[in-house]
Amino acid sequence: SFMDETRIESTVLYPTAGLSVGMIQDPDWAVLMCRAYNDWFRDRYSRKSARLRGVALLPLQDVAEAVKELRRSVTELGMVAAMLPANSADMGVRKPLGDKEFWPIYAEAQRLNIPLAVHGAPSLGLGTNFLQRTEAVLLEHPLALMIQASSMLMSGMYDEFPTLRVAYLEADTGWMPYLIDRLTGRTREGVNDPIDVLASGRVFLSCQSGERSLRYALDRFGPEVVLYASDYWHETPAEIVEDIEILRSRADLSDDEKRNIFRNNTIRFYELEEAIA
């Protein structure tokens, strides 16, 4: 298999169309869709191989049901994380992720010791509608993540849930130092400064192997908060092999930093006892 050929021990699989779950306008339909996806993933992947780990979809349109689905996905289906949609295009979910309406979900994730991953995908509602598709795709992830990270960092959420781990995925690392500089010193009284939250080591970012800003992000936030993500199948196996080699060959990263990005940080974020079950 591709994983064997590339010596990948284990992988955490994210949805594709499911990244748009926040756009569903009917809360009951959102609940059913999330349950169906989570059951399907268990039956199609993780039941067949412990190397294939799942990320639960949650119906944020109904917070009480989202809490139940998070609990069920972890305790019954073996999911290792849950996905939070970064962009709902102001259609289904109409509040930012830092809003207190969603805090019961974060409380349950902290209780279960399960991380949450904020992930974009839809381009609608971000001011990119007049762009060509190529430009919109390039901007949809960082713009959506900046909006949600701003809400979460400024809301006091990270103070309320001091052991909750959150990742902001598929937008590389360069946007976060810029955002932190914009937000630092501007929080309301009683809320920890965003730079202190980043320094706590429980906010994670995914990287592109060749991005020049990766070195700076590691220097700013430490070597334990960057994850490798392949975007398989959107990239071909040959492209992923090349991508892995680019990161392995970087002269500006130490061997320990590369080991952290490829393996150790992933295990720490998902709290995996080992890479292979």
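Ile114 is in contact with Leu70, Val74, Met79, Val80, Ala81, Ala82, Ala109, Leu164 and Arg165, leaving aside its neighbours within four places in sequence. In this predicted model, Ile114 belongs to the loop between H4 and S4. Ile114 counts as buried because its relative accessible area is 9%, and buried means under 20%. The points below continue with this loop and then turn to helices and to single residues within them.

**The loop between H4 and S4**

- Ile114 and Arg215 are separated by 101 residues in sequence and by 28 Å in space, from C-alpha to C-alpha.
- Asn113 is also placed in the loop between helix H4 (103-112) and strand S4 (116-119).
- Although Asn113 is not a glycine, its phi is positive, at about 60°.
- Most residues other than glycine have a negative phi.
- With a relative accessible area of 35%, Asn113 is partly exposed.

**A second residue with positive phi**

- Asp172 is a residue other than glycine, and its phi has a positive value near 70°.
- The loop that holds Asp172 runs between strand S5 (166-169) and H7.
- Asp172 has a relative accessible area of 26% and is therefore partly exposed.

**Packing of H2 with H3**

- Two packed helices are described by the angle between their axes and the distance between the axes.
- For helix H2 (residues 27-46) and helix H3 (residues 63-75), the packing angle is about 5° and the axes are 11 Å apart.
- H2 and H3 are therefore roughly parallel to each other, since angles under 35 degrees count as roughly parallel.
- On the H2 side, the residues that meet H3 are Val31, Cys34, Arg35, Asn38 and Asp39; on the H3 side, they are Glu65, Glu69, Arg72 and Ser73.
- Sorted by class, the contact of H2 with H3 holds two nonpolar, two polar and five charged residues.

**Two residues of H2**

- Arg42 is located in helix H2.
- The relative accessibility of Arg42 is 25%, so Arg42 counts as partly exposed.
- Apart from its neighbours within four places in sequence, Arg42 is in contact with Arg47 and Leu77.
- Between Arg42 and Ser254 there are 37 Å in space, C-alpha to C-alpha, and the two are 212 residues apart in sequence.
- Ser46 is likewise placed in helix H2.
- Ser46 is buried because its relative accessible area is 16%.
- Setting aside neighbours within four places in sequence, Ser46 is in contact with Phe41, Leu52 and Leu77.
- Ser46 and Gly78 are 32 residues apart in sequence, and their C-alpha atoms are 8.1 Å apart in space.

**Helix H5**

- Helix H5 (residues 133-154) contains 22 residues.
- From its first C-alpha to its last, H5 reaches 31 Å, close to the 32 Å expected at 1.5 Å a residue.
- At Glu140, H5 bends by about 35°, and the proline Pro142 follows within four residues.
- Both Glu140 and Pro142 are listed among the buried residues of H5.
- Other buried residues of H5 include Ala136, His141, Ala144, Leu145, Met146, Gln148, Ala149, Ser151, Met152 and Leu153.
- Gly156 follows H5 and has a positive phi, near 90°.

**Packing of H7 with H9**

- Helix H7 (residues 175-183) and helix H9 (residues 214-221) have axes that come within 9 Å and cross at roughly 45°.
- H7 and H9 are therefore oblique to each other.
- H7 contributes Met176, Pro177, Ile180 and Asp181 to the contact, and H9 contributes Tyr216, Arg220 and Phe221.
- By class, five nonpolar, no polar and two charged residues make up the contact of H7 with H9.

**Phe262 in H11**

- Helix H11 (residues 255-270) includes Phe262.
- Phe262 counts as partly exposed because its relative accessibility is 28%.
- Leaving out neighbours within four places in sequence, the residues in contact with Phe262 are Tyr228, Ile244, Leu247 and Arg248.
- Phe262 and Gln208 lie 12 Å apart in space, C-alpha to C-alpha, with a separation of 54 residues in sequence.

Methods:
Residues are numbered from 1 along each chain as its sequence is written. This is a predicted model: local features need pLDDT of at least 70, side-chain atom pairs count only at pLDDT 80 or more; totals for chains, interfaces and linings use all residues. Side-chain values use heavy atoms; hydrogens and water are left out. Axes are lines fitted to C-alpha atoms, for helices over the stretch in contact, and angles run from 0 to 180 degrees between N-to-C directions. Angles under 35 degrees count as roughly parallel, over 145 as roughly antiparallel, 65 to 115 as roughly perpendicular and the rest as oblique. Contact means heavy atoms within 4.5 Å. Ala, Val, Leu, Ile, Met, Phe, Trp, Tyr, Cys and Pro count as nonpolar, Asp, Glu, Lys and Arg as charged, and the others, Gly among them, as polar. The expected span of a helix is 1.5 Å times one less than its number of residues. The bend at a residue is the angle between axes fitted to the seven residues ending there and the seven starting there. Buried means under 20% relative accessible area, exposed over 50%, partly exposed in between (1.4 Å probe, protein chains only).
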